[in-house]
Every structure is written in structure tokens, then in C-alpha cells.
Amino acid sequence: MALDGFVISNIVCEMKKNLIGGRIVKISQPEKDELILTIKNYDQYKLFISAGAGLPLIYFTENTKQNPLTAPNFCMLLRKHLNSARIVSITQPSLERIVQMEIEHLDEMGDLRKKYLIVEIMGKHSNIIFTDENFRIVDSIKHISNMVSSVREVLPGRDYFIPKTEGKFDPHTITFEEFKEQILSKPMNLMQAIYKTLTGISPLLANEICHRASLDGEAATSSISEEIGLHLYKNLCRLMDEAREEAYVPNIVYEDKAPLEFSSTRLTCYEGKEGVSVKEYESISNLLEDYYASKNTLTRIRQKSSDLRRIVSNAIERESKKYDLQLKQLKDTEKRDKYKVYGELLTTYGYNVEPGAKSMTALNYYTNEDITIPLDETKTAMENAKSYFEKYAKLKRTYEALTKLVITTKSELDHLDSIRTSLDIAMAEDDLVELKEELMEFGYIKRHYSTKKGPGNKGKGMKKVKITSKPFHYLSSDGYHIYVGKNNYQNDELTFNFAAGNDWWFHAKGIPGSHVIVKTNGEELPDRTFEEAGMLAAYYSKGRDAEKVEIDYSEKKNIKKPSGGKPGFVVYYTNYSLIASPDISGIQLISE
């Protein structure tokens, strides 16, 4: 599911219709590898461009993003040259994953100048490059030196060029003779030969071309006759005709309600398959925004939470090793009672032991069975008994100490596991603030203190943290409000401050997860609302990838906070259980 050359051609077509002749009225750079251009052309349009290695994109959007207080250098440079500049043309060279915007502007002397803003959508090599009229690079959102790439430097002052891919042909202009020679002669399967030879053709499109020709994409090229090869070539030409005629059909293919693939042409290779459905869009931008909006957010949050994840992972690894060692040491104390029995039996029957004996066999009056006791032949029976009693006493002390330590360490592990689950649930940067605060409170992150002195501040106060994250808010099919905590602090707040005694509380059984509160308004809940609350508890838990999750639920008045319990941890002795699927696609999200 990537932007191939065919989807890019659909985007370019949409950009031409909306932007040619328009003027750039605003330029912002909300992230280090993102731009938002606001263009006025009868209507006003926002063009979102991302050169992120994980999710490069370009499409129209109506959403806004918060900008940094100080604009980055690249943004300032574009504002200097392109403020009020007019977009003259937009092109895509050879179905490459490249968009070239030709822009006219007035320089400091009032002379008309031409510039190019070039967007390369090429995975980790994606970039946004600004050049002069001679395609000499003025600057780029990413600087690529020869230390990074031996193929092409992207630095101010260098000439811009598209790196030529050896053996690649433009699918718009390739002839049948070239098709035969360059594709049908390659020692690989058809699908690979197509996408490895033609620019802008993804494996998905290559498979679709083969399917339209009623051919197996996995078939070897050597098995294809010239006549069948011509049929395959004509299907490629028909696909390219769709681009020339701008007959795009943006669509997403879903399998069991989950997005499987998207394209700007109908994917006939999925037609008729069980559980597969298709949603068509009028605009490729709407498609991309729907598909990538949540994915882009999650990608950003993953990047921004990476430090917290590393801290939590390291702490879990450390606590797990400690826990395993404590369990092993605890297991070693199991023989303490045996040493006690040895000491007692030696005290009772030791007068029969001959000096220098290596063992003694006696009746164990606890089990009525004979038992053989090893002895130190250099010691008397009573000295051996004393030694065994000392071993028993030491192991007993160790057992008592380790029992407490094991409980404490297990509590730490459960707490860290709950924080890790909360990191998976986090949907925005604000959600990470409380998680960082929790890690600081429990000593996993060092808290920074203010050094400023002033009224009421002696220079050792804690830095204030603004908490803006709120629980998820859903509405059940029957109209009941459901709230889901995003982290341990929110879980405590929902359960013990927000929920009334007769509201219902839900939580995944035996695994970390969110507290889910259903506001009853004093009414009896319908079965469907119980099921939907269970689904939310399953989805917002460590078991969200499982097919089914067991959920405990009870009235809030039955939920208690244990003395000294960590945030989010509760106890309850009266509850019901249900089995829920972590599928919340049909539950209405009101706000976050």
C-alpha cells in the first residue's frame, strides 16, 4: 500500500485542476519533514507534503497542524522566494514518483523569476527540493551528502537531476519490441519483470496488469508466447490510457473491514473474493487523507514516544531479570523445612549416632517413614543438628524477605507493562505528557527542576506540566456515554472521581488495559451497550490483537483502590465476565 507512479499521476491531475494559476499565500512547516502550502485560486486549497521516510505523502487537506514558534530555515527560505508566487505548471516526469511545480515570482528588483519546487515520493529517499530556473538546488528539506549517497548529492549549489534507474522504461512510451526484449526475456516471473522494468509500476499494479490479461503473475516469462505477450502489453497500454484520459477511479480495497490495498484504478484482482469490499472516492486526496491520517498520526506518535518506549523496555528487561533471579532464590528456600526436620530428628535420635558416621537413618514422625540424614563426620550429632537449624533459620529469613521482594518486583513489572500498553494506546502528543509524568513520579525518568528565582519560587520548584489529554469518549448504539482511560492516571480519575456508584466498570481480565466506564444515569443498561463496552475494553488492552478477550465488569461501587496501590490498579471481589471481540469499528467516537 504505497504511492506508486499511477497514484501520483492521479494526484498531479488533481493538482493541475485546482492549482494552475493560483498564488501561494501561506507556507508552514509543522514538522521537520513536512510542508503545508496554502494556495488561493478562486477557492483556497491546502496542499500537504510530507517527505517522512516512513510515510511520504502529497495531497489536499482541510486540516491544520500546529506550527513551531520559530519557523525552520527551509520554511523561511520558501517564504522569502515564494510568498505570493504563482504556480505555472505541474508535471510528473515519466510516471516517476516525482511532482515538479513550476513557480513564477518577483525578485527583490521586481523582475519575474522562475523556480521549481520538486517533491520526490520515494520511501526513505523522499525529499522536497527547491531549485532555480536552471535546476540548480537552492535548498532542500533534507540535505544528502556524498557520505550518505554515492548516486546523487542533494545540497545547495548542486545541479538537480533525477537519478536514472538502470534498465527502467517509461510505461507511457515503451514499444512492444522493447516490451518483449526488456520484460519477456528476463529470467523471473511476469510480475517481477514488469515492476522491475517500468518506472512507477508497483508490484500491486504489475499483478493487476497480469490479472487483466488472465495471466498468473507468478508465471515465468519464458512460458509466455509472443501472442500472449502482445495481449499482456495491450493491457499495460489500456492502463496507461486511463492516465492519459484522466479516467481515474480512486478506491480502497477492504478485507474483513480492514484496508488491504488502495489504487487509482479498479483492482479487478480482488473482485469476487470472500470478505472483500471496495470503497470508491471522487478525490484521491480524500482517499489518502482517510487512509493515511490515522496511520500518519500513529507513525508520528511512535517516533515521538520512542524514548519513552526505550526507557520502559529497559526497565522491564531489568525488572524481569531481577524477578527471575528472585524466583530462583525463592525456590532454593523450599528445602528449609527439610533442614528443620533433620535438626529435630538429630536432636531426638542423635544419641545413637556413632562418632565419624556420614549419615543417620531414623523414623520421620511427621510422615511415619524412614529418612536418611547426611552428616558431617567431623561433627557430633548435636553439632550437626545445630548446623541444620542454622540453615533452616537462614533460609526462613531469606524466604520471608524474598516473598515480599517478589511481590514488589511483580507489582513493578505489572505497572511497567501497563505503561507500555498505554504507549500503544496513545494517539496524540498530549497523551504522552501524563505517561512521562508517571515515569518521573516513579523514578524511571529524572525530573528537571526550575532554577528561576522569584516570588513563591526559591529555585527548587518542579517544572509545571500542562495536562490537556482527555479520556476517549464514545456513544453506544443505545445512546449511553462510554469513557475510556488512556493511561493509569486517567483510569484512576474515571473510576474513583468521575464514575457514580451505579455506573458500570469494564476491564480486560488479567492483562493491562484501560478502565472503561459506562454512565447509566440510573437506568438499566441494554445488552448491546454491555457488549460494546466490552469491545472497547478489549481493544484498549494488551489483548487488542487477539480474536477474543475475556472482560470483567462490575458496578463501580464494587471497585476498590488497594492501600498503596500504583495508579490504575484496583481490586474487586464481585464481578461478571463476558467474551468480547476487539472490533470497535461500529462504535461512535464523540471526542478525545
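This is a predicted model: local features need pLDDT of at least 70, side-chain atom pairs count only at pLDDT 80 or more; totals for chains, interfaces and linings use all residues.

Q: Why is the contact between Arg86 and Glu104 called a salt bridge?
A: A salt bridge requires a side-chain nitrogen of Lys or Arg within 4 Å of a carboxyl oxygen of Asp or Glu, and the N to O distance between Arg86 and Glu104 is 3.1 Å, so the pair meets that definition. Arg86 belongs to strand S5 (residues 86–91) and Glu104 to strand S6 (residues 98–106), and the two residues are 18 residues apart.

Q: What makes Glu104 count as buried or exposed?
A: Buried means under 20% relative accessible area, and because Glu104 has 18%, Glu104 is buried. Arg86, with 29%, is partly exposed.

Q: How do you know that Asp159 and Arg136 form a salt bridge?
A: The N to O distance between their side chains is 3.3 Å, and the limit is 4 Å.

Q: Why is Lys391 called partly exposed?
A: Partly exposed covers values between the 20% limit for buried and the 50% limit for exposed, and Lys391 has a relative accessibility of 40%, therefore Lys391 is partly exposed. Lys391 is placed in helix H10 (residues 381–425), and together with Lys335, Lys338 and Lys379 forms a positive surface patch.

Terms used:
Residues are numbered from 1 along each chain as its sequence is written. Side-chain values use heavy atoms; hydrogens and water are left out. Patches are made of residues with over 30% relative accessible area and no salt bridge: like charges are joined within 9 Å, nonpolar side chains (Val, Leu, Ile, Met, Phe, Trp, Tyr) within 5 Å. Accessible areas come from the Shrake-Rupley method with a 1.4 Å probe; for residues, only the protein chains shown count as cover. Lys and Arg count as positive and Asp and Glu as negative; His and the chain ends are not counted. The place of a charge is taken as NZ of Lys, CZ of Arg, CG of Asp or CD of Glu. Helices (H or I, at least four residues) and strands (E, at least two) are DSSP runs, numbered from the N terminus. Buried means under 20% relative accessible area, exposed over 50%, partly exposed in between (1.4 Å probe, protein chains only).
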